[in-house]
Amino acid sequence: MLGSIWHYVYTSFLRYWLKWLVRQATGTCELQRICSGCKPGATRTARAEYSLQSSKNKVLRGALENSKDSLEKCVDQIMKEKNIKPQKDPLFKGSLHVCLLQITGYSSLYSSVEDLRKEVFSSDNPEHEAMLLKLWDLLMPTVELESRVTKQWGDIGFQGDDPKTDFRGMGLLGLINLVFFSENYSAEARQVLSHANHPKLGYSYAIVGINLTEMAYSLLKSGALKPHFYNSVQGAPKLRDFHQLYCYLAYEFDRFWVAEEPESIMHFNQYRERFHSLVRARLQEPDVSLALTVASR
């Protein structure tokens, strides 16, 4: 209760006057102090985002809703509102522009990911079917698929004879992530698949992969992935960056699973939550960057 009252008093009254006093003392606004005082990355962009969100100025708050193409004009408007002279602070414009690219890019990335999640896998769509068959070829290059509907799909971790039913939760996003990992990290994906097919420590490769897509999606939706993307991408994150994040989760979960040696796949949810907690803890680190690192081939 007291915490809520203090937060209201600080954000509604004290913060404004503290900012005013510091500006009088330093001759710079809060955004200038953030951009000059923090190195590029999550700390700088997160502080700039909070400053813009908390501002009483409509131009500053509205900056978070701008499209990529209008950001340069938006930065000019902010500099005019705050009376920031390029001659006195030549680095400010570029620094704030990068921050806004990251902030608005994160929102755009979520929209793109959500669109893929909502797209239902359809057997009548040739592109969907080709992607599914490509997944088989990437993971099982020496084994021919007997038919489109077959028990062979179980060899790469699908539940039934037709994988289309397994994509219901994550839509096309789940399939795209599986293919991306298998195509861009073929050796690592096949290594993970071999672990998944272990007689004692095995798990359903494709089903767990779709589950990890849900984890990545939930982290993105909650904003938990902002530190990772703000540190890893010096601009607007793209779909490829999200797929790369999935590859990290798929590879690291396999390492975690093998190291933990669970008694049974029946304990999957328990270990999944433990892994999720580890990832969230990593995301609290200011310099976090969840990149898949593999030995040189």
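Analyst: Let's start with a network: Glu-114, Arg-117 and Lys-118 are linked by salt bridges. A salt bridge here means a side-chain nitrogen of Lys or Arg within 4 Å of a carboxyl oxygen of Asp or Glu. Before going on, note that this is a predicted model, where local features need pLDDT of at least 70 and side-chain atom pairs count only at pLDDT 80 or more, while totals for chains, interfaces and linings use all residues. Residues are numbered from 1 along each chain as its sequence is written, and side-chain values use heavy atoms, with hydrogens and water left out.

User: How many salt bridges does the structure hold?

Analyst: There are 14. One of them joins Lys-118 to Glu-114, with 3.7 Å between the closest N and O atoms.

User: Where do Lys-118 and Glu-114 lie?

Analyst: Both sit in helix H6 (residues 92-118), four residues apart, which is about one turn of the helix. Helices are DSSP runs of H or I with at least four residues, strands are E runs of at least two, and both are numbered from the N terminus.

User: Is Lys-118 buried or exposed? And Glu-114?

Analyst: The cut-offs first: buried is under 20% relative accessible area, exposed is over 50%, and partly exposed is in between (1.4 Å probe, protein chains only). Lys-118 is exposed at 56%, whereas Glu-114 is buried at 11%.

User: Which residue does Arg-148 pair with?

Analyst: Arg-148 bridges to Glu-129, and their closest N and O atoms are 2.6 Å apart. Arg-148 is in the loop between helix H7 (126-139) and helix H8 (171-184) and Glu-129 is in helix H7, so this pair ties together parts 19 residues apart in sequence. Glu-129 itself is buried, at 14%.

User: What about Glu-183 and Lys-134?

Analyst: Their side chains form a salt bridge at 2.7 Å, N to O. This one links distant parts of the chain, with Glu-183 in helix H8 and Lys-134 in helix H7, 49 residues apart. Glu-183 is partly exposed at 40%, and Lys-134 is partly exposed too, at 32%.

User: Now the cysteines. How many disulfides are there?

Analyst: In general, a disulfide is a covalent bond between the sulfur atoms of two cysteines. The test used is a pair of cysteine sulfur atoms within 2.5 Å, and by that rule the count is zero.
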